[in-house]
Structure formats: C-alpha cells, structure tokens
Amino acid sequence: MPKYKRIKGGEKNALSGVPFSKEELEKVCSLYVDMDGKGIHERNPKIHRLSEELGRTIRSVENQLLGFRLVDSGTTGRVNYNKIIKEVWTERHKEVDEKETLRIQKKEERKELRTKHDDFRFRISSHLKDIIGKELITDDFIAVFELVKNSYDAHAKNVKIFFDDDKITIWDDGKGMDRDDILNKWLFVAYSAKKEGIEDVEFEKNKNYRDLIVPKQSFAGAKGIGRFSADRLGERLNLTTRKIVENSLYWTLNFNWDRFEQDAEDEFADIEVNHQSFTESPIPNFKHGVILEITNLRSVWPIDKILNLKWSLEKLINPFSDVEQKEGSNSFSIEIISKKDIERDKLLIADPNHNPRDIVNGPVKNFIFETLGIKTTQINVRIEDDSIITTLLDRGELIYKIQEENPFHYIPTGSGIRLFYLNFSAKLNFTNLMGIRSKDFGSIFLFNNGFRVFPIGEPEDDPFEVDRRKAQGHSRFLGTRELIGSVEIWGQSEHFVEASSRDGGLIESAGTIQLGRFFEDTLKKLERYVQPILWQIKKRTGSEDEEIDFNAQEDIVDLVAKLAGSKTVRLLDYSKSFIDILDEKIADASPELFDNLKKIAEESKDSNFINQIDKSELEFIKLKQLKEEETRKRVLAEERAEEEKEKRLEADRLRKEEENRRKEEEYNRLKAEEKAREERAKRIAEEQRRRQKESQVRFLESVGSLDIEDVLNLHHQVGIDANTIDTLVTNLQRKMDGGTTLTSENIREFLDKVTFANKKILAVTKFSTRQNFMAAARVTKDDIISFLKNYLLNIYKFHLGKELEMSIFDNVLTPFVIEFKPIEITIIVDNLISNSKKKNAKKVVFTFNLSKDGSLEISYKDDGDGLDRMIDNTASIFEKGFTTTRGSGLGLFHVRKIMAEQKGTITVNTNNKDKGLELLLNFKK
C-alpha cells in the first residue's frame, strides 16, 4: 500500500460531493467501532482499505469517521456531519449493547462455574496475545524473520514471500502440520516441541520419510512464540497447511487478532479459532507445508521497505559459511515476489549498468564470503570437543593451522568464529561486488544455529567492544571498519538463549561472558599476524597479482616458529611456500630464518622439509663465504677509490684556487674599465650640457622684439612665397579662360606647388611670432640635432595641443654638423606630426642615433592607426597624392622631396612590432 500524500486543494474523484448513503455509513461505522474511535488519520491502512472498497477519497472517509466520533463523544469530531450518521450510530449502538449484554452474561456464567469447582489455578487473559505478539516483536522485519525461521525448522527447502495490496503471504514447502500438530503444538501457546527435542521424533522412527525429512541437530527457534509474529504484521491471518504424510488432510485456520483485544477479562482459551479441513488442496499447486496469508496490514510496505527486507534477509542465514553443511541437507531458498514491481524490475534489468541489489523480485542470494573472490586475510577458529582448532589464511593460502586446549566449556562444540581483515583494496572490492560498502553492510554478526541474532552486526552495533579496544591502541588493534565476520553458536544450550524480544540479542549468562573472551582471543591471533606483517606491506591490490615481500615472509616464518615452539600449541599444518622462500632468495636469508624453519619442520616431523633446510643452509654458508670475500674485495677497492678520490679533490682544490685568482684579476680589470666608462660618460654628458647651454644662449640672444632688418627679411621671404602662389593662380586662371582643358594631373601639380609655398609662409610665421631663430630660408651650417631639439622643445610644443604627447631620446654624444635650410627641416617636422594626428596618435617619439657608416638616423614613431594592411608596398605612401585620410596626399611626398634635396632618405621600418607607424630619416654629412 503506497504512502498517503496530501494533495493541494483536496483529493477529488467521481463521488466527490455525493453524500454518503446509509449502507456506506454503516460500513464506516463498523470501521469506527473496530478502531474503537482511535487512529483516525489519513495514514491508517484501515481507512485506505475502506476508501478503496467504497470508491471514496481517503479524506472523505476520514471526515465521516470524525462525524461518528462527535456523535459518540459529544465533544470532539467533525461538526458538519451527515445527519444519517446519528441514525446509524443509534442502531449500531443498540446492536453492540445487545452483544455486550450477552457477552457479560456468558462471562458471569463461566465465573460462577469456576467458583463452584473452587479450583486455584492461573487464568490467561486474551491480552496475552499482545504481550507475546506485536508488543514483544516490535519490528516488521524481525516478524518476517521469525516466520521464515519457522519454515526453516520445518525442513522447508523453499520459502516464498508474496507482497500484494494489503496482503503478505509466506509460503513454504516444509513438512507441514496435521490436526494433532495444530492442536498440540501450533495452538499451544509458548510450547516448543523443538525445545523439548521431540519435533522430528516421528520421522526418525518412520523409514518412509527419512529420505524426505532429515531430522535437524538444532533449530533456529525454540520459544513457541514466533507464530505470533503474524499479529505484528496484520490484523488477520489465514493459515493453510498439510503434513507431508500419506492421506493427510488440508487444514485452514482463520485468526482475527482483534478479537483477543476486546476485553482483558476474556479467557485466552475461550476465543475460538475458525477452521476447516479438506481432502483436496484449497490452493492450486500446494502439496504440503504452510501458507500464511496476512491481511489488514498494520503498516504500509513501499518498495524501499521491501528492498530493505530483502537485503536484511541476505544476512539472516550466515553468509560467511554454508549453514546447510551442518545439517547435511539441500540448500534453503528464500524468494521475494512483488507483482506490482515486476515491470519496474524489467526496466532495471534492461539497463546494463543496473545494481542487482535494486531488483525487488527474485531469490534472496545468500553469498558465501570466499566466493566473492576478495583476496584478504581470514582466521577461522572452531571448538571441537576439548580442543580449539585455528586456521589462518592469507589471500587463499594457508599460513598455519594449530590445535590448543579448549578453556571455553560453556560454548557448544562446533561453534566458532570467522573474521576477515579488510584493508583498503578489500573494502573497495567488497563494494564493487556487493553494491554496498562494508561499513554499511555490518561488521561482526552473531548466528545462533545458523540464523542471525539481532541486532548484533548492524552498523554502529559493537557488542564485543572492538572499537573501544581500538581506541586504546589505534596503531596496534583492529576496529569494526577493518573487520567483517561471524560468531557462530551451534546446538541447544541454556547459556545461549535469545531474548524474547527478538531485537534484544542474547540473554546475558556465563556462556555469553565466555563468548566475549573467546572472541577477544581470536581477534588477538588475527592482530598478531596483521599488525607486524601485513601493515608493513605498503601496496596491497586485493587481487591475485599481489605478493608479500621477502621481509614479510620472514616475519610469517618467525610467527609460525613461535607457535611451533609453544608447549600449549600443536602445529597441525603450515604454508608449503616456506620451502619456496629458501629457493627464491636464499642469499638474502638470515641465520634466524633457518632456525625458525627447523623449529617448524621438527614440530611437524617433516623429514623432507628438514633435509631441504639442511641442504639450503649449506648453500647459504657457501654463499655467505663468497659474499664475505666479495665484501673484502669491495672494501679494498673502495679504499683505493677513496685514495684516488682524495687526490682528485686536492687537484680540484688547487685548480679552484687558480681559477679564483684569475677571476679576481678579471674582476679588478672589469671594475677599472667600468670606472673609465663612467668617467667618459660623465665627460660626454658635461659636453652635451655645455653644447645645449650654448645653443640655448644663442636662442635666448635672438629672443626679443624684431628689429627693422628682421622684419624686412621676413617680409621679403613672405613676399617671395606669396608672389609664387599669385603667379601659379594667375597662370591657372588664364588657362581656364583660354579654354585649356585641365587634367587631374595639372590640378594636382598646381596644388602641390601652392601647398609647398604656403607651408614656407606658415613656417616663417611661427618664427616671426616667437623669435628670429635664424634666417629661415637661408642655408646654414650647424648641428642639426640641436636645431631640431630646440625647435621641438621651444617652438613646436606650443602647437602640439593637449591631445598629443611628445618624447625625445638623444643617443648621439657629439654634434652632427651639416648644411640645411631650417625652414625645410621644420616643414618635415610639421608634416610628420600632422600625419600622426590624422591617424589618431596620442604620442610621438623622436630618437637620435648614429649609424655604423657615420650617418644620422632619426626614428619617428607614433601610436596611431598605422598603415592599412592592404598596402603591399610601403614606399607607396611617399608617392604624390597617396592618402588613406581626407588629406591632399602631399605631406609625406614633400618630406621625401626635402630629404632627397638634403641627400638623405626616409623609409618605413617594417620590423616595427608596436602599434602605430615608425619612419626612419637618414642624414649624411
């Protein structure tokens, strides 16, 4: 039955809003009486069942029940209730009163009868059912376990657990029951034929059934109360059974557990159980065994709960050993069948990556630990009469098998302990193979006669105080997360009795105290192997490829030798690989190894092994002598090598001293040269400052008001250039008036000449407004570097504007004197900077360098847009009319023309990797 989920706005269906009929309310009233007015909530399975029967919503049935509560109590419940409820309640109350009157009358009659007989005896209340049923067995899973254990004790080979809507069916093919078994065993409360030892007596005597039923040496249950687990699961039980004998009848019994709860004064034995018998099976394919059909479930069973039950059943029967070997019979199978989850399982199985543990339907796979193929260390200790037999194995190989005297006399023979040490790789393999981490699976489980005792073994459950002990010596002891295994008790013993509450473990006794000491003794034996030997192996793969190193093998031999030398221990068997140790690495052996092997061989009286040890020891002595001789020779060789090393070290010392001396001389020479360079640089800097000062003086001397001669000179120069422009314009006008056709080439040539003359006028204007720096149009012979720097820093910087930054780097130490016209040099500067502005430059840099051939190279670099990527020939930017902006295309053409007249060059630096354009101007003397 799925868990109820509240629907926002209220649950609706086809009958929502339709008033309940009287017939429907009578069924609701019956439920109210059955529930005694308690547990009215939407998660109650009883309300779910009635709502499904009536076709009504769960909430609507709940509301009608609350209506009956208000009529019944007069204080609490649903105020706005159906008016028919009061009528139905009155009729039902009358009927109930009549039944109650009759019941009281019969009870008084029975009481009067007992008084007449004057018998003094215990009486049993019908409420005993609760005490030994659902109040004692408080967990649904444990209730199922108890019923499965009963099937096992009844020699069943197969148990099937069916889950249907509001129904659980447990079907086994065991020996079943006849009328006598039902009356004298099943209905005999707290009686256990298993405990009395007469459960299988009839089969022991009857040879016809010895092949079918092999009497058990011990039973999983022996209290006679497990049958009441059905009460824990549901309100009603239908039992069908037939005994596995000829001409046996089929019997069905019907139990309504609620009848035992109506009146505590009712006698348990006075409540009759409905029953029938048949000659033919009332259920198809049922031949013998027991079928328990549990209905009116007390809790819901969603898929996750069924899966958890299946996983728990995996550990119900000891998964660490084959329990059936104890009984000498065939296997015991448990199967889960949930019809509503079959399609879901099919979809999961179709997925190749699905986890088998998520499949609901199918057999419960009770694994045997060794079949997982996990290569780990395990110890198996068994009690055999007066002896304890201990077997230690590592990755499937025997290490030793010993026999000791048994001091644990309360523990039955055949009982034992099996522990597995889980290192990291073993835990990983366990998770991969089982689909669950070992710590979530559990640690140390307790099994009584092959069946698990709860809750021992559950995660976080530590009845043997393993983790408390580990806390006292973390690096010496093992904890529950490093262990998995089982403690097994066999046989019926008064010292190992399960608590009546099936999740309470064993009742404490002298036997359980001995069992604790037995476990600790076993754990110490495992730790004596794991801690000094396995923990020194740094790489363990958990696979067949894993090997123990030689040092660990020697430690194993030492451990077994100590056991062999003990007076209280008898060595029964040991690892045959000890012989291989001698063959594999005899040269690395120690004298102690041979002594230990001799102890083992003498204890086991293995003459072949003794001869092998003697032979190997002689070989070891020879190898040791050879080794000593090799050691002596090696020591002499090392001494000679040491002498040679000393000589080499002395030679290296002398060589390093000479090398240090040369380095010191070289350092002093370089230091002197550095000082000379500094002095020279200082002189050159002084010379540059002197020259610049002289240039500034000359410049400052020229500053002031212009005299008549300067004005006349400037006027003369402006007049020449203006007259040139006038002549050019007049000639052009005449050609146009005369009808001469002007080509674009004629116009471009005209503009070229006019622009050049105009730039001269602009340059002269700058001089006239700041100073008479020199006769601008006259050829002069001077330091062109000083001229350019003074012009840029003292004149042109006033025309730059705030949007353009200028830097100058002078790397030339001596004057570079040539003949040049200042006005033409200024035209070069004007055109370069004007071109940079048009290319959106924010910064320009002038750098002065001397080339190897003695010429002056001026680098002009800006951070503007640079050349168009489509320009293949960089020289084309100096052609007349070439432009990528809105300019005339004459600026760089004029620059190249002036540089050619100056016998110089201007080129584009194609190796420039920075943003913008770099031009190289070269002046020769």
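I count two strands as paired if DSSP finds at least two bridges between them. The model I looked at is predicted.

**Sheet.** I looked up strand 4 (residues 250-256) and found that it pairs with strand 5 in the antiparallel sense, over five bridges. Tyr250 sits opposite Phe278 of strand 5. I then traced the open sheet these belong to: eight strands with mixed pairing, in the order 5-4-3-6-2-1-7-8. Its edges are strand 5 (274-278) and strand 8 (362-363), each of which pairs on one side only.

**Cores.** Next I looked up the largest nonpolar core, which has 45 residues. Ile161, Trp301, Leu313 and Phe332 have the most contacts inside it. Helix 6 (residues 140-153) gives this core its largest share, eight residues. I listed the contacts of Leu313, leaving aside neighbours within four places in sequence: Phe145, Ile161, Ile334, Ile336 and Val364. I also noted a second, separate core of 42 residues, with Tyr791, Leu832, Val895 and Ile906 among them.

**Helix 26.** I checked helix 26 (residues 891-901) for burial and found Leu892, Phe893, His894, Val895, Ile898 and Met899 buried. Val895 also belongs to the second core. Just after the helix, Lys903 takes a positive phi of about 60°.

**Confidence.** I took the average pLDDT of the protein chain, which is 76, with 70% of the residues scoring at least 70. Over residues 217-224 the pLDDT is below 50, and I found 33 contacts for that stretch in the model beyond near neighbours in sequence. Residues 538-545 also have pLDDT below 50, with 16 contacts beyond near neighbours in sequence.

Conventions. Residues numbered from 1 in each chain as written. Predicted model: local features only at pLDDT ≥ 70, side-chain atom pairs only at ≥ 80, totals over all residues. Heavy atoms only, no water. pLDDT = per-residue confidence, 0-100. Contact = heavy atoms within 4.5 Å. Buried < 20%, exposed > 50% of the residue type's maximum accessible area, 1.4 Å probe, protein only. Helix = DSSP H or I, 4+ residues; strand = E, 2+ residues; numbered from the N terminus. Core = buried A, V, L, I, M, F, W, Y, C linked by side-chain atoms within 4.5 Å.
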